[in-house]
Amino acid sequence: MHYGGDYNPEQWPEDIWPEDVARMREAGVTMVSLGIFAWSKLQPAEGEFDFGWLDRIIDLLHEGGIAVDLATATASPPPWATSTYPEMLPQDENGSVYWPGSRQQFAPSSPGYRRLAGELVSRLVERYHEHPAVVMWHVNNEYGCHLNADYSDAARDAFRVWLADKYGTVDALNEAWGTAFWSQLYGSFAEIFPPRKAPYSHNPAQLLDFHRFTSDALFECYLMEKRIIRAAGATQPITTNFMGAFKPADYWRWAAEMDVITDDCYPDPNDPQSFRAGAFQRDLMRSLKPGVPWLLMEQSSNALSWRPTNAPKSPGQMRALSMQAIARGADGILFFQWRQSRSGSEKFHSAMLPHAGTRTRTWREIVALGDELAGLPALPASSQEARVAIVLDWENWWALENPDHPVVLDYLSLVQNWHFALHQQNVQVDFVRASADLSGYQLVIAPQLYLLRADGAAGLTAFVEGGGHLLVTAFSDLVDEDERFRPEGYLTQLGPLLGIWLEDFGALVAPGAAGAGQSTAPLGSPLGSVTGTFLAEEIHPIEAVVLGEFTAGRLDGRPAFTRNDVGAGRAYYLATIPDAAGAVTITAHLLAEAGIEPVLPGLPITVEAARRGDVVTVINHGDTPVDLVLPGTDLQRDAPAGAVTLAPFDVRLLRLP
Ligand code: GLA
């Protein structure tokens, strides 16, 4: 179990370093991420490197028994670099330059940036790959953070090359993008631009390809660094830190090239429900690389500095959220950052060692957690404990949020609505791609799978044919990978499986918006009444049975929720998007039908339970104590768990028979 955080010794005089190491030992720190933003200290000028200070701190850490996750330091190029090569600076869609003075001021496609980053990484890896302290490589930092897309000339040139690689001929691109519409026919790749500011909506296929290109451009930067590290003979695991479900980068693709998934997660202490967002993010991290424990690479010890209001964590909350990560597959808890900065943009951001020193609650909690983690027995790796999976697909995310749709949808919140509903019932959930092998699951939920490739449709179909229960929801299976409707209408791939056809979408007027119309679509069924939102689709059952009907508005009496039995499998369709309560009602029905049990039954609403092998972790995220009767052996007390009063943010780890 790793324990530690980002360590930025370059912000401090060297005479503080020995104290840092001594305090780290006191806190039980086992590993630090070193030098993430140290490029300007490592390379004060082009061709001039200064590794002396890094040598000294790595040796010092090593003497103190603290391992190093060595950063490649490429996330914030030094001022000399961007002054000498201004073409390295990224631009927004209006052509405005993102100037130096902050961080992440690099155009991922810039050949100059890549050359300089590559040189720095080569020097670092040459020098340190055999150092016994270095146990992991931390490539860059949060790729795409702040700068979600770059529209610079470097991006323009690289986008053209990317398109030429993809399509071969410009005619093929014209066909795929449907450029006959609005006189967009291109004569050559040199006529194509990133979707810079235009008078009106861009071609949706161009937007979609630009999302793919943006994810790939960032990914190429990662791969470039990874190749350099491996080519130098380094054998340590290589990672880059993710940011949960982050739209600009398709983490499914990235995960395959990461030795270990690492994640930065900052739930808002002001939001009493943010532990659900935490659980969502952790379940995604576990799912990205099944069977391989991931690391919580960054969290805060206490308050942040980048929200409008930065509440402190409650006493015990940092431990509770750390245990949530471990419960959901993490084998390490690290923080941003070790020692709170004295200057710079993040000086109000909490750290393991606060500015107010070791007499603080934060420090006491940090030391206590280090001690507790050191005392934990080895935990089994997660091994697909979940029987339920939710489809989460980046390409669909990008396409679904393109403009000019019947209604504006926020994919992440729609996916989370289902996860939260299941989490609230303490049902364990994985995330999957539709094309994955789904045979280990009993229930798969596919929210708004607007762009569905043939392999995804085949995966979902095989799942149902193999006896699985599938829920497909409104606005699914509408376009192909080029953002074109498929011939012959909607639901062209899944319609036969679902036993329905779709006539129209029926957008609902947003509550409170001007103009008469419906804001919700109530539907009733034997399982209870549900409030639909956003869309009320007009569907026609062919073979499906109707489980629920709209009960008001223009679709009053028309089918809203259907089921089609395919052998032992079932394909459900929900012709609207339920609100939070509706998602609970519907999932409760589906879970009962599929015979899926919660991790532990009958827990209060603030209590979560997650399973990792034979270990179940129970956490009270509420602000009042709860009385529970727990099964199994209390792992930390080595005694039967039984009746316990779980204080706010308290935790129990249970080994079940
Ligand atoms: C991100 C970054 C860190 C730091 C923290 C602050 O996760 O990776 O460098 O800025 O946010 O919360």
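**A walk from the ligand to the surface**

Select His-349 to begin: one of the polar atoms in the His-349 side chain sits 2.7 Å from an oxygen atom of the ligand. Such a pair is a polar contact (N or O atoms within 3.5 Å; within protein, one must be able to donate a hydrogen and the other to accept it, and residues adjacent in sequence count only if both atoms are side-chain atoms). Taken alone, the ligand exposes 300 Å², and the protein buries 96% of that. These accessible areas come from the Shrake-Rupley method with a 1.4 Å probe, and for residues only the protein chains shown count as cover.

Before moving on, note that this is a predicted model, where local features need pLDDT of at least 70, side-chain atom pairs count only at pLDDT 80 or more, and totals for chains, interfaces and linings use all residues. Residues are numbered from 1 along each chain as its sequence is written, and side-chain values use heavy atoms, with hydrogens and water left out.

**Stop 1: the ligand shell**

Which other residues are around the ligand? They include Phe-37, Asn-141, Asp-264, Tyr-266, Glu-298, Trp-306, Phe-336 and Glu-346; a residue is near a molecule if one of its heavy atoms lies within 4 Å of it. By class, the shell has four nonpolar, two polar and five charged residues. Here Ala, Val, Leu, Ile, Met, Phe, Trp, Tyr, Cys and Pro count as nonpolar, Asp, Glu, Lys and Arg as charged, and the others, Gly among them, as polar.

**Stop 2: salt bridges**

Select Lys-247 and Glu-401, whose side chains meet in a salt bridge at 2.8 Å, N to O. Lys-247 is in the loop between strand 6 (241-242) and helix 9 (251-255), while Glu-401 is in the loop between helix 13 (394-400) and helix 14, so the pair ties together parts 154 residues apart in sequence. A salt bridge is a side-chain nitrogen of Lys or Arg within 4 Å of a carboxyl oxygen of Asp or Glu. Helices (H or I, at least four residues) and strands (E, at least two) are DSSP runs, numbered from the N terminus.

Next, pick Arg-307 and Asp-268, a salt bridge with its closest N and O atoms 3.9 Å apart. Is Asp-268 buried or exposed? At 19% relative accessibility, Asp-268 counts as buried, while Arg-307, at 21%, counts as partly exposed. Buried means under 20% relative accessible area, exposed over 50%, and partly exposed in between (1.4 Å probe, protein chains only).

By this salt-bridge rule, the count comes to 41.

**Stop 3: a buried side chain**

Select Asn-417 in helix 14 (residues 411-424). Asn-417 counts as buried, at 15% relative accessibility, and its side chain reaches the backbone oxygen of Pro-578 at 3.0 Å.

**Stop 4: the surface**

Finish with Phe-181, Trp-182 and Tyr-200, a nonpolar surface patch with about 410 Å² of accessible area together. Patches are made of residues with over 30% relative accessible area and no salt bridge; like charges are joined within 9 Å, and nonpolar side chains (Val, Leu, Ile, Met, Phe, Trp, Tyr) within 5 Å. Tyr-200 lies in the loop between helix 7 (170-177) and helix 8 (204-231), and Tyr-200 is exposed, with a relative accessible area of 56%.
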